[in-house]
Amino acid sequence: MTTTTSELIARCQALFDDLNFTYAREWKAAVPGRIVVGYMPFYVPRELIHAAGGLPLGVLGGGDQLEVIQGDAYYQSYICRIPRSTIELGVTNRLDFVDAMLFPSICDVIRNLSGMWKIMFPHVKSRYFDVPQNFRDDVGGDFYIHELNELRDMLAEVSGRAVSDDAIRASIALYNENRALVREVYAFRAREPWRAPSAEVYLLMRAGMIVTVEEHNRMLREYLAAAAKETRPRRDNSRVVVTGAFCEQPPLNLIKSIELAGCYIVDDDFMLVNRWERSDVAQAGDPLANLAAAYLHNSGDTSAKYEPDQAKKGLYLVEAVRRTRAEGVIFASPSFCDPALLERPMLQRVLAAHDIPYIAFKYAENSGQMQPIREQAGTFADSIKLWSNP
Amino acid sequence: MTHPNAAQVIKDSAMLKQKEMIASNYSKLETAATDGRKVAATFVPGNLNELIMCFDMLNNLPEINAIQNGMRKKTGGYIMEAEKRGHSEDVCTYVKADLGMIAKGNIGPDGQKLPAPDLLLLSYTGCFTFMKWFELLRDQYKCETAMLHVPYQGDGKITSNMVSYVVKQIKEEVIPKLERVSGVKFDIDRLRENLARSARAEEDLVWVLESAKAKPSPIDAYFGGVYYIGPIFTAFRGTEDAVEYYRLLRGEISERLARGQGPVTPGGDMSHERYRLVVEGPPNWTSFRDFWKMFYEEGAVVVASTYSKVGGLYDLGFRHDPDRPLESLAEYCLGCYTNRNLPARIDLIEKYMDEYQADGLLINSIKSCNSFSAGQLLVLREIERRTGKPGAFIESDLVDPRYFSPANIKNRLESYFQMIDQRRAGGQSAARAV
């Protein structure tokens with residue numbers, strides 16, 4: 001029986017709405033010895049978790065459905081929302097089945113959260129996962145391979161079994177397939193955005209934070225097949241890239257509002273981990289060296305990653321605009337997000353130099369009032385249609 | 001306590017010496033172009049001053065410029081200028097004060113034009129914002145940039161992998177760029193000499209900071225402490241001037257200690273020590289003296305502070321080591337306070353609470369500084385739980401005068417001091433935080 005987009009997206013929506021992570025709980029309970037490893041944005045090598053017999057679980061805050069009560073007691077008003085809702089998830093036992101947590105090197109808030117986790121949840125193995133900002137194989141590469149080895153050891157300790165090179169190679173193959181399919185979905189949406197509404201693509205990608213990679217690969221294939229068959233009206237929308245939302249996620253309604261206001265989102269940075277490596281990670285040879293090489297030389301760009309070459313600063317965004325034939329960029333950043341907000345003026349300068357229009361606004365994961373967003377995005381879409389060069 | 005007016009404040013020899021040193025560095029920066037001196041801009045935590053000196057380069061520190069401008073009430077305008085130019089109201093005000101100053105002609109705190117740097121030496125230690133700050137400066141100056149990525153102590157320890165990574169970067173990235181920009185060849189013996197001088201100054205600094213274990217404390221380790229750490233955190237670590245400064249300072253503090261005197265404050269000698277505090281977090285700079293006054297008027301002395309460890313943590317035994325020059329620089333960078341994970345920071349504060357016989361912990365939470373601030377409410381809880389001593393939490397900012405509310409802070413401090421009194425009197429039901 002063929003799955004329709006609505007059936008598939010309904011499943012993704014249910015996964016998205018479930019803040020008790022029932023899928024992951026059931027997955028773990030199904031086979032003794034399975035482990036679940038939570039990770040925060042923007043990137044961790046999920047291959048290692050998978051190779052350790054684990055389920056990588058993306059922990060992306062509590063969204064707009066979680067009432068944050070205790071989490072607020074840990075943070076001042078001028079700190080973003082994702083750490084407080086993540087703490088809320090922890091202290092309300094919604095993550096009590098998680099065996100280990102990884103906190104990637106994205107900003108000082110998430111970095112410090114790694115230490116808070118050690119204190120608040122001492123029975124959970126937690127690790128700050130550092131990535132190199134030096135991109136030479138013999139410098140940053142050596143450091144990173146060592147970090148990967150330490151992570152491998154930690155996962156072996158948590159799972160109680162060694163993580164072999166062969167197992168990592170097999171996981172790399174699965175994630176290569178996953179990334180290829182994710183790229184295909186993004187390319188499909190950029191080609192025919194009316195057939196792949198961004199809220200659907202978002203939920204589909206978000207499912208990849210929860211389900212096994214094998215299952216996500218199936219879902220991506222099914223979506224591509226089903227979406228191609230959909231007949232949906234093609235609107236005279238402007239094509240935009242959304243950037244700055246790589247950590248604390250926007251409410252789903254915000255994504256819908258942007259499209260309702262007349263903008264097709266043709267590229268975004270919502271969940272970079274899904275497509276961090278831009279092409280396949282090599283499978284032959286030392287798998288950790290291959291993961292390191294992919295990180296150093298074949299990974300995406302975001303403000304948490306240093307750009308050594310001033311001349312290349314921000315060009316990835318220009319390239320995304322060109323590749324997807326976008327007509328403008330929306331900077332949508334969480335309030336108090338240091339990486340996104342410090343980066344923004346530099347990216348805006350680069351866009352201005354390339355005559356690419358942009359607008360900017362801030363949100364929180366629990367923002368409820370969408371009217372201002374709709375008005376801003378609508379005005380932006382109109383201005384593109386009226387004033388941009390044909 | 002005596003209260004001489006400002007004109008009557010007598011500056012000690014060490015204070016005069018530091019003033020001369022700072023003025024001299026700004027003076028050298030102003031004439032760098034005519035003197036043919038190259039300039040490196042770099043940050044306080046994880047700075048490589050001994051290495052920079054090997055290349056005859058001058059050291060310009062954007063954070064120090066922001067602090068100096070903050071104390072001179074100039075940063076409010078600079079921050080607004082940066083915000084007008086598109087920088088978010090949510091981000092670090094050091095960054096905006098610096099960018100605003102550049103936008104308004106790059107006139108330094110002493111009223112003279114600062115030179116454009118020849119090299120941006122980005123020591124990415126303990127603070128994510130540093131990386132973006134230097135990318136923003138690179139966008140302005142279009143000059144050579146050397147990145148030194150210092151890994152975070154996520155598990156609260158320095159590993160050999162971390163040291164090796166930092167050393168390789170110093171060898172492969174930093175030194176070649178310093179050589180290229182300066183035209184001076186690297187001489188490791190010169191570095192060893194500089195590091196030996198650093199270690200001598202560090203020894204005296206630690207002695208000074210630890211003098212606060214005495215009752216009464218002869219120093220204030222936060223408000224006074226920011227003066228004491230000035231030379232060693234900035235352009236002078238590794239110089240004879242710094243060695244001389246700390247020798248003078250130690251002598252002066254020894255005398256105060258022998259005489260049983262309290263700290264010197266802007267209001268004169270503090271005669272009666274009523275409260276001994278540990279403070280976590282940086283101070284506010286735009287109302288620095290008003291802020292300090294709220295403490296010394298109540299007889300509150302800060303006996304230990306974490307801010308005085310942000311540019312180097314020496315009281316746990318680390319010293320720059322001429323026998324292991326590059327490794328020692330790496331360990332220095334890795335060991336700075338905000339590069340330690342939260343459990344290690346809490347352990348350190350607990351140790352201070354105990355060893356310095358503090359009455360409580362005060363956290364000055366800085367809006368601009370997530371590196372310090374994120375997690376501080378947990379720090380407060382943990383310290384209270386472990387020590388049974390009361391904590392207090394106030395909020396301000398580094399150099400944005402809009403975020404310093406004197407009445408509010410004074411109220412909180414007064415309530416906090418009352419709470420300490422109650423606790424001393426045996427009242428166990430004092431509120432946990434004010």
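1. In this predicted model, B:Asn106 sits in the loop that runs between helix H6 and strand S3 (119-124) of chain B. Although B:Asn106 is not a glycine, its phi is positive, at about 55 degrees. As background for a reader new to backbone angles, most residues other than glycine have a negative phi, and most peptide bonds are trans.

2. In chain A, the bond from A:Pro41 to A:Phe42 is cis, with omega near 10 degrees, and A:Phe42 belongs to the loop between strand S1 (35-39) and helix H3 (46-51) of chain A. In chain B, B:Lys215 and B:Pro216 are joined by a cis peptide bond whose omega is about 0 degrees, and B:Pro216 is placed in the loop between helix H9 (188-210) and helix H10 (225-233) of chain B.

3. On the overall form of chain B, there are 17 helices and ten strands in this chain. Its radius of gyration is 21 Å, close to the 22 Å that the globule rule gives for 434 residues, so chain B is as compact as a globular protein of that length. Taken along the principal axes, the C-alpha atoms of chain B fill a box of roughly 65 × 50 × 45 Å.

4. The secondary structure of chain A, for its part, comes to 14 helices and eight strands. The radius of gyration of chain A is 20 Å, which is close to the 21 Å given by the globule rule for 390 residues, so chain A is as compact as a globular protein of that length. The C-alpha trace of chain A spans about 60 × 50 × 45 Å along its principal axes.

5. Turning to the parts of chain B, the domain assignment gives domain 1 (6-188) and domain 2 (191-424), and the C-alpha centres of these two domains of chain B lie 22 Å apart. Their contact takes 61 residues from domain 1 of chain B and 57 residues from domain 2 of chain B. Between them the two domains bury about 4,800 Å², with 63% of this area on carbon and sulfur atoms. Of the area that domain 1 of chain B buries against domain 2 of chain B, B:Met21, B:Glu50 and B:Ile188 supply 14%, more than any other three residues.

6. Which pairing of side chains links B:Arg237 with B:Glu50? The two form a salt bridge, in which the closest N and O atoms are 2.6 Å apart, and the count between domain 1 of chain B and domain 2 of chain B is three salt bridges. The count of residue pairs in polar contact between these domains, both residues being at pLDDT 80 or more, is 33. On the side of domain 1 of chain B that touches domain 2 of chain B, the helices that each supply at least two residues include helix H1 (13-30), helix H3 (49-53) and helix H8 (160-182) of chain B. By class, this side of domain 1 of chain B has 35 nonpolar, 16 polar and ten charged residues.

7. The contact takes 54 residues from chain B and 57 residues from chain A, and the chains bury about 4,800 Å² between them, of which 55% is on carbon and sulfur atoms. Across this interface of chain B and chain A, the rule finds nine salt bridges, and the side chains of A:Lys362 and B:Asp90 meet in a salt bridge at 2.9 Å, N to O.

Technical notes: Residues numbered from 1 in each chain as written. Chains lettered and ligands numbered in written order. Predicted model: local features only at pLDDT ≥ 70, side-chain atom pairs only at ≥ 80, totals over all residues. Heavy atoms only, no water. Contact = heavy atoms within 4.5 Å. Buried area = accessible area lost by both parts, 1.4 Å probe. Salt bridge = Lys/Arg side-chain N within 4 Å of Asp/Glu carboxyl O. Domains from an automatic or database assignment. Polar contact = N/O pair within 3.5 Å; in protein donor to acceptor, adjacent residues only side chain to side chain. Helix = DSSP H or I, 4+ residues; strand = E, 2+ residues; numbered from the N terminus. Nonpolar A, V, L, I, M, F, W, Y, C, P; charged D, E, K, R; others polar. Rg over C-alpha atoms; globule rule 2.2 N^0.38 Å.
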